Amino acid sequence: MKCKKCGKKASIHMRQHKLPLCRDDFLAWIPQQTQRFIDHYEMFDHTDRILVAVSGGKDSLALWDVLVNLGYQADGLFIGLGIEGERNYSAESLAFCRAFAQARDLHLMVFDVLEQEGASIAQAAQLTRRGREKPCSVCGLTKRHVMNRMGLENGYTVLATGHNLDDEAAVLFNNTLHWQVGYLQRQGPVLDGRPGFIRKVKPFIRFYERETAAYALLQGIEYIYDECPFSEGATSIYHKETLNRLEADRPGAKLSFYLNFLRAKDSMHFLAEQERSDLLNACSQCGQPTSAPGKCAYCRTWEQVRIQIEEGKPPA
C-alpha cells in the first residue's frame, strides 16, 4: 500500500480515515493533527505553562514529545505510586520518564507517594475502606489530587494528560451504560479551570491507541510496555475489548461514538448536576476545593492511613 501523500510505501494505514502514510508523513501528521485539536478545542496557547502528567507509557511520553516539538512550554510530572508486581513497576516507569527527560534536557518533577504520605498506594488501600480488592480507588483519588496540587502550586496554567480515543471511548461507554450524569457532564477534551482547579486538557483525545503507539515506536521513544499489575480484570479493559470488536467490523465506530457525544452534549441537561458541583468548600487541611465539609477525601483517606500505621497496623 502506498502513502497517500508522497506515494512511498506506507508504514501505517488508518482505516477510519482511509489514510495510509509512510513513516515521515505519519511523524509529521501526528503533530499537525495535535495542533489542530489544540486549536479546535481552544486548549491553550504558547503563553501557557503546561504540566504533562507522565507515567512512563507510550501515550504520555509521546504527548510530551509532540508538545515540546510544537514549541510549547511543557514540563513533566511523574507520580510514584509504589506499585511493584513481578518487577518494581513504579521504579521502572520512573526510569523511562527520567531517561526521556534527560535525553531532551526537559524538566521532570517527581512526587513520591510513599515519601510524602508514608505508604504506597497498595499499602494505603489495605488500610482504608477504599481498598477493597484493588487499590484503584485510592490510586485515582491520589493522582487527581496530586496533579491538581502540583500544577497550581508550581505556577502551571494547564495540566495535560495523554488520554487517547480508546481510553476516552471506554470511559464514555461506561458512563453511558450507567448514565453517570455528573461524569458525562465533565467528560470532554477540556475541563475548564476555576478557583482551586487547574485547567485540564487531553490533546491526544482523537488519536487511536495504535496511532500513539506507532508514533512512539517510529519516533524512537522508549517506554514501559507492561500494564499496571492491578489492571488485570478491570472494567475499563473489558469495555475497550468490546469497543475493539465493534471497531473491527466498523472502522471509525469509536471516533464516531465519541464525536457524536460531544456534539450532542450541548443539548443534554446537566444543569442540576452543575449547580451541585459549584457548591464547594476549601479543605480545612490542604485548602483544595471539596464538596464535603471540613477535610477533602484525599486528606481524610491519607489521615486514616497514618492513624492505622501509628496504631501499629503496618500493611503487609
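Reader: Why is W179 called exposed in this model?

Author: The model is predicted. W179 has a relative accessible area of 56%. Exposed means over 50%. Therefore W179 counts as exposed.

Reader: Where does W179 lie, and what is its phi?

Author: W179 sits in the loop between α7 (165-177) and α8 (181-186). Its phi is positive, about 45 degrees, although W179 is not a glycine.

Reader: What makes D105 exposed?

Author: The relative accessibility of D105 is 72%. The cut-off is over 50%, so D105 is exposed. D105 also has a positive phi, about 55 degrees, and is not a glycine. Its place is the loop between α3 (89-104) and β5 (108-112).

Reader: How many helices and strands does the chain have?

Author: The chain has 13 helices and 10 strands.

Reader: How do you know that the chain is as compact as a globular protein of that length?

Author: Its radius of gyration is 20 Å. The globule rule gives 20 Å for 316 residues. The two values are close, so the chain is as compact as a globular protein of that length. Along its principal axes the C-alpha trace spans about 70 × 45 × 40 Å.

Reader: What share of the chain is buried?

Author: Buried residues make up 49% of the 316 residues. Here buried means under 20% relative accessible area. The chain exposes about 16,500 Å², with 50% of it supplied by carbon and sulfur atoms.

Reader: What separates the mean positions of the positive and negative charges?

Author: A distance of 5 Å, for 39 positive and 38 negative charges.

Methods:
Residues numbered from 1 in each chain as written. Predicted model: local features only at pLDDT ≥ 70, side-chain atom pairs only at ≥ 80, totals over all residues. Heavy atoms only, no water. Helix = DSSP H or I, 4+ residues; strand = E, 2+ residues; numbered from the N terminus. Rg over C-alpha atoms; globule rule 2.2 N^0.38 Å. Buried < 20%, exposed > 50% of the residue type's maximum accessible area, 1.4 Å probe, protein only. Areas by Shrake-Rupley, 256 points an atom, 1.4 Å probe, with all protein chains shown as cover. Lys, Arg positive; Asp, Glu negative; His and termini not counted. Charge placed at Lys NZ, Arg CZ, Asp CG, Glu CD.
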